[in-house]
Amino acid sequence: MLLGKIRSNGLTRRQLLQWLRTISTGAVVVGPLSACRELWERQPVVPVESWHKAVCRFCGTGCGIQIGVSEGRVVDVKGDEYAHNKGRLCIKGLLNRDILYTRDRALYPMVRHNGELRRASWEEAMGLVAKKFREAIEQFGPDSVAFYGSGQLFTQESYTANKLFKAGIGTNNVEGNPRLCMASAASAYISVFGKDEPMGCYQDIEAADCFFIAGSNMAECHPVLWERVKDRKSSRPETRIIVVDPRRTSTAKGADLHLDILPGTDVALYNAMIHEFIGGGFVDQDMVEHYLSFKEGDSARDYQDLKRHVNRYAPKRVAATCGIAAKDISTAAFRFASSNSTMSFWTMGLNQQSQGTVANRLVMAMHLLTGQIGRPGATPFSLTGQPNAGGGVRDTGALAHALPNGRLVANPRDRREMEELWGLPEGQISAKSGYHTLALFEAMERGDVKCCLVMGTNPAQSLPNAERYRPAMDKTFLVVADAFHPTETTQFADVLLPAAMWAEKEGVFSQSERRYHLVPKVVDSPGEARSDLEILLELAERLGHEDLISSRTPEEVWEEWRKISAHSKYNFSGITYERLKRERGVLWPCPDKSHPGTCRRYVPGEDPLAHGNARFDFYGQPDGRAVVWLGDQHNPKEPTSAEFPLVLTTGRVLEHWHTMTITGKLEALQEIRPNFVQIHPADAARLGIRDGAEVIVRSRRGQAAFIAQVSETIRPGVVFTTFHSAKHLINRVTNDVYDPLSKQPEYKLCAVSIKPKGTTNASA
Ligand SMILES: Nc1nc2c(c(=O)[nH]1)N[C@H]1C(S)=C(S)[C@@H](COP(=O)(O)OP(=O)(O)OC[C@H]3O[C@@H](n4cnc5c(=O)[nH]c(N)nc54)[C@H](O)[C@@H]3O)O[C@H]1N2
Ligand SMILES: Nc1nc2c(c(=O)[nH]1)N[C@H]1C(S)=C(S)[C@@H](COP(=O)(O)OP(=O)(O)OC[C@H]3O[C@@H](n4cnc5c(=O)[nH]c(N)nc54)[C@H](O)[C@@H]3O)O[C@H]1N2
Ligand code: SF4
Ligand SMILES: [Mo]
């Protein structure tokens with residue numbers, strides 16, 4: 001497939017071979033590239049002096065890698081055979097070798113004078129940042145400043161930022177891109193189990209007989225895990241793979257059953273599957289009696305209410321809503337419930353909907369009701385997108401409504417506990433939740449937030465309806481810490497702080513299965529770039545919080561954080577820094593130094609925090625019962641119309657990472673240009689659009705130009721593109737409505753028109 005893509009983008013096989021020749025020996029490449037695996041058997045270009053155990057920079061699979069260093073440079077990488085990925089890496093994993101040495105690294109601090117960013121000293125830049133923050137806090141109060149961070153920062157960095165702003169400055173305005181990414185999964189896990197994060201582990205893959213993959217294109221976005229799913233299928237061909245996705249993705253092509261639903265109709269589908277579980281006698285009555293409670297909105301419900309509720313969702317009734325056949329819904333339900341063990345994976349297709357939390361809760365409910373949970377291979381597993389959205393942001397509580405280890409700002413007892421752990425006077429942590437991401441940018445728009453530190457994220461490209469929020473960034477005193485310049489966001493920076501990248505600084509990531517693991521510093525950063533932790537420590541000092549923010553090295557911060565976790569249901573106090581250096585990561589809970597880590601949470605005998613000897617102890621909930629939430633399918637927030645007759649959905653491709661500040665500069669990927677919009681041949685014919693033609697995609701908010709890719713991989717009525725390219729900025733078009741429960745934006749559906757470039761609006 002990569003070869004296919006490369007050909008269609010004009011890169012010849014010879015060129016590909018030439019590039020592959022520069023990649024080292026022993027690499028085991030997975031994903032669509034595996035077709036040319038033998039091509040990777042090459043000699044390294046430079047002999048390696050030392051190898052260092054680390055973790056891939058990119059996705060939430062969190063593959064272990066070995067970094068080869070020579071003369072102070074990263075010269076090679078290979079998969080770590082002893083890590084969970086057993087030596088495998090995808091193409092992005094291998095490209096970790098090259099990411100530090102591309103053009104446009106931010107090398108020096110810069111300060112804006114008369115509209116232009118000019119080189120400055122750290123002293124001048126940080127002096128100005130501290131002055132502006134201090135002035136805003138004094139004049140307008142602590143809520144006039146904010147931090148906007150990232151699931152790509154290290155845990156130590158997110159933890160320190162969170163503590164500085166919430167405990168030091170006294171504002172809960174701490175947000176980050178995980179709101180755009182994992183918020184719906186987090187809010188569902190918390191409302192169902194009382195605590196965030198998946199309960200299973202990757203080893204469940206080798207024990208599962210049925211995979212239910214919804215709104216996740218694992219083959220491109222978590223390729224090494226997808227390879228494990230495929231291995232399970234090859235070693236046990238009866239294994240079933242069900243994929244729910246409006247597109248026939250590389251993942252869907254590997255499925256036994258593909259439900260190509262209309263975007264935004266997952267809630268109807270899962271209700272229909274529950275209807276079939278009940279009708280088919282697949283409900284585990286022991287679960288219902290002993291381990292579950294039922295809720296709808298603020299009200300308690302029971303199993304009989306659930307039965308009545310799903311009566312309205314018989315497959316025949318929802319088939320038209322979802323745009324699929326009723327019998328496929330029944331087949332999916334039968335396979336899900338009747339297998340020995342079913343493992344679900346989901347990602348943005350579910351999270352990035354205005355009903356994201358409801359859809360997430362229903363997938364969890366499907367597992368709880370059928371008892372497909374807490375056994376090897378049976379688990380509802382939300383895949384984390386970024387390398388550290390879990391451990392960095394969700395676990396440290398670096399979001400506006402949250403506090404560390406699943407505590408909430410709104411809960412007075414949680415605030416008091418954190419005040420005690422952080423040695424603060426009572427009342428120091430504000431009782432007011434901060435602004436969630438879109439509310440934060442709205443507050444900047446109104447002028448209520450005067451200063452914002454943006455670290456490790458590129459909101460001018462990644463926010464929905466991005467054009468709207470650009471003037472807001474312009475108006476705010478914006479401090480941007482980024483490893484690259486220019487980016488869409490550094491254009492709006494008043495101060496640019498050059499950041500050291502992965503492998504130029506040390507820190508801890510945590511991936512989808514709750515595994516904390518260490519990335520060492522193996523080389524120096526270029527120019528005057530500093531680590532994000534150093535930047536935060538200096539800001540703390542200049543704002544007078546050096547006594548509070550007293551842990552000064554990645555190791556000290558980790559040791560502080562690990563001890564804090566001991567007082568929570570996330571207990572990983574047994575994961576010492578020494579263990580992180582020695583082991584290939586450890587899965588929490590891990591309450592003491594000799595504990596090996598936990599594969600399955602909430603299961604007495606496996607999870608050290610689960611008590612008793614019953615099947616489960618859902619200890620996150622006061623009554624020990626997980627909650628099944630009744631939820632209804634709503635109409636789309638932005639229905640299609642005569643003017644905007646198509647549904648736009650957006651996502652990713654294998655080779656590129658987000659806003660392409662990193663991957664867009666890699667020589668190897670120059671020809672992979674995500675400038676296309678996929679459209680079904682029937683829609684294309686009706687609209688007079690030829691394959692390869694330039695087209696304009698337009699919504700009520702804005703428009704962007706693409707090259708049409710006429711293809712049956714997308715269902716009729718839906719068009720797809722990525723948000724990778726700043727030149728083809730689809731976030732001018734996407735909708736900034738969000739899930740009222742999780743506040744996660746709805747990137748996965750809005751109404752658009754698509755027309756050949758040059759035609760007037762009225763003509764098509
Ligand atoms: N190559 C690569 N890998 C990545 C990343 C990257 O940028 N590039 N980013 C990482 C990050 S941060 C994230 S969050 C993950 C995202 O990983 P994924 O969620 O797997 O990726 P997406 O392409 O955003 O969306 C997944 C699928 O959702 C489908 N979809 C759209 N609407 C709906 C719907 O209404 N219902 C259902 N069921 N499906 C729908 C889309 O067609 C798409 O195939 O990837 C991570 N891995
Ligand atoms: N239309 C549409 N939009 C989306 C999505 C979608 O599916 N569709 N997905 C959403 C999701 S799930 C996500 S996660 C977001 C991602 O959106 P962003 O977070 O905005 O995207 P990135 O390109 O990862 O931005 C990371 C920035 O950090 C910089 N950087 C890299 N390493 C470091 C470092 O160590 N320190 C610092 N300080 N900077 C560093 C990079 O140069 C880059 O500018 O996009 C969201 N936007
Ligand atoms: S699957 Fe994810 S973590 Fe593994 S090598 Fe690829 S990008 Fe890196
Ligand atoms: Mo994400």
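View 1. Lys505 lies in the loop between strands E21 (495-498) and E22 (507-510), and Glu157 in helix H5 (residues 155-169), so the pair ties together parts 348 residues apart in sequence. Helices (H or I, at least four residues) and strands (E, at least two) are DSSP runs, numbered from the N terminus. The model is predicted: local features need pLDDT of at least 70, and side-chain atom pairs count only at pLDDT 80 or more. Residues are numbered from 1 along each chain as its sequence is written, and side-chain values use heavy atoms, without hydrogens and water.

**View 2. Helix H18 (residues 412-421) has the buried residues Asp414, Arg415, Met418 and Glu419.** They cover an arc of only 135° around the axis (directions from the helix axis to the C-beta atoms), which puts them on the same side of H18. These residues pack against strands E17 (402-403) and E18 (407-408) and helix H23 (554-565), contact meaning heavy atoms within 4.5 Å. The face turned away carries exposed Pro412, Arg413 and Glu420.

View 3. Arg416 is partly exposed at 25% relative accessible area. Glu419 is buried at 3%.

**View 4. Lys521 and Asp524 meet in a salt bridge (2.8 Å, N to O).** Lys521 is partly exposed at 42% relative accessible area. Asp524 is exposed at 62%.

Technical notes
Chains are lettered from A and ligands numbered from 1 in the order in which they are written. Buried means under 20% relative accessible area, exposed over 50%, partly exposed in between (1.4 Å probe, protein chains only). A salt bridge is a side-chain nitrogen of Lys or Arg within 4 Å of a carboxyl oxygen of Asp or Glu.
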